[in-house]
Amino acid sequence: YWCTTIDLILLGAGGGGTYAATNGAGGGAGSWFTASLQRGSDIAWATTTIDIVVGKGGTPDEFDGTKATAGGDTTASWEATTKTASGGRAGVAVGSPTGAGPDPSSQSAGDATLAAGAPQPTPGSAGNAPGSGGAGSDLVTQGGAGAAGAAVVLARQER
């Protein structure tokens, strides 16, 4: 109730890596949403709650090339408003096994900052938290799970 500004940073979850007989493709990185919300214009003075849902990492493929899933969206909701940072795509069949890291590697909104996970180059390994895709397979591993997303909410008074 006392703040004049709410800094909001959302990062979607990374997608799961896939399996292929050679190199399975790594999952995609989650996307960003950032804003510095002004009370009284972007968000009502009467609003006292923002609901945050952090996206879950995408599931990896299980040796058949078809079951990797996309990362979950990270959302912030209040009143009739929802802001979303989309999850990364699932790895698809054959491709580079490196799980993608979010671009850029960090984001800021007002006084808040969030650093993302680095790309994951090790075949079959889970994505680096937060937000990077799981690595794809090599000849002996299955794909890796995507990393969960993240959210930062900072309430502050501007002077």
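1. Among contacts in the protein (heavy atoms within 4.5 Å) between residues at least 6 apart in sequence, 67% join residues at least 24 apart. The model is predicted: local features need pLDDT of at least 70, side-chain atom pairs count only at pLDDT 80 or more, and totals for chains, interfaces and linings use all residues. Residues are numbered from 1 along each chain as its sequence is written, and side-chain values use heavy atoms, with hydrogens and water left out.

2. Secondary structure and overall dimensions. The protein has eight strands and zero helices, where strands (E, at least two residues) and helices (H or I, at least four) are DSSP runs numbered from the N terminus. In sequence order the pattern is β-β-β-β-β-β-β-β. Along the principal axes, the C-alpha atoms fill a box of roughly 60 × 25 × 15 Å.

3. Of the 159 residues, 44% are buried; buried means under 20% relative accessible area, exposed over 50%, and partly exposed in between (1.4 Å probe, protein chains only). The protein exposes about 7300 Å², and carbon and sulfur atoms supply 53% of this area; areas come from the Shrake-Rupley method with a 1.4 Å probe, and for residues only the protein chains shown count as cover. The 7 positive and 12 negative charges have mean positions 5 Å apart. Lys and Arg count as positive and Asp and Glu as negative, while His and the chain ends are not counted; each charge is placed at NZ of Lys, CZ of Arg, CG of Asp or CD of Glu.

4. Nonpolar cores. A nonpolar core is a set of buried Ala, Val, Leu, Ile, Met, Phe, Trp, Tyr and Cys residues joined through side-chain atoms within 4.5 Å. The largest has eleven residues, including Cys-3, Ile-6, Phe-33, Ile-43 and Trp-78. Strand 1, strand 2 and strand 4 (74–78) each supply at least two residues of this core. A second, separate core has eight residues, among them Ile-9, Leu-11, Ala-116 and Ala-150. In soluble globular proteins, nonpolar side chains tend to be buried together.

5. Beyond four places in sequence, Ile-6 is in contact with residues including Ala-35, Leu-37, Ile-43, Ile-50 and Leu-154. Cys-3 lies in the segment before strand 1 and is buried, at 5% relative accessible area.

6. Thr-5. This residue is in strand 1 (residues 5–11). Thr-5 counts as buried because its relative accessible area is 0%. Its side chain makes a polar contact with the side chain of Glu-158 (3.4 Å). Such a contact is a pair of N or O atoms within 3.5 Å; within protein, one must be able to donate a hydrogen and the other to accept it, and residues adjacent in sequence count only if both atoms are side-chain atoms. Aside from neighbours within four places, the contacts of Thr-5 include Ser-36, Gln-38, Leu-154 and Arg-156.

7. Two loop threonines. Thr-47 is in the loop between strand 2 (32–38) and strand 3 (51–53) and is buried, at 10% relative accessibility. Past four places in sequence, Thr-47 touches Arg-39, Trp-78 and Glu-79. Thr-22 sits in the loop between strand 1 and strand 2 and is partly exposed, at 48%. With its neighbours within four places left aside, Thr-22 is in contact with Val-94, Ser-137, Asp-138 and Leu-139. The C-alpha atoms of Thr-22 and Asp-138 are separated by 5.9 Å, although the two are 116 residues apart along the chain.
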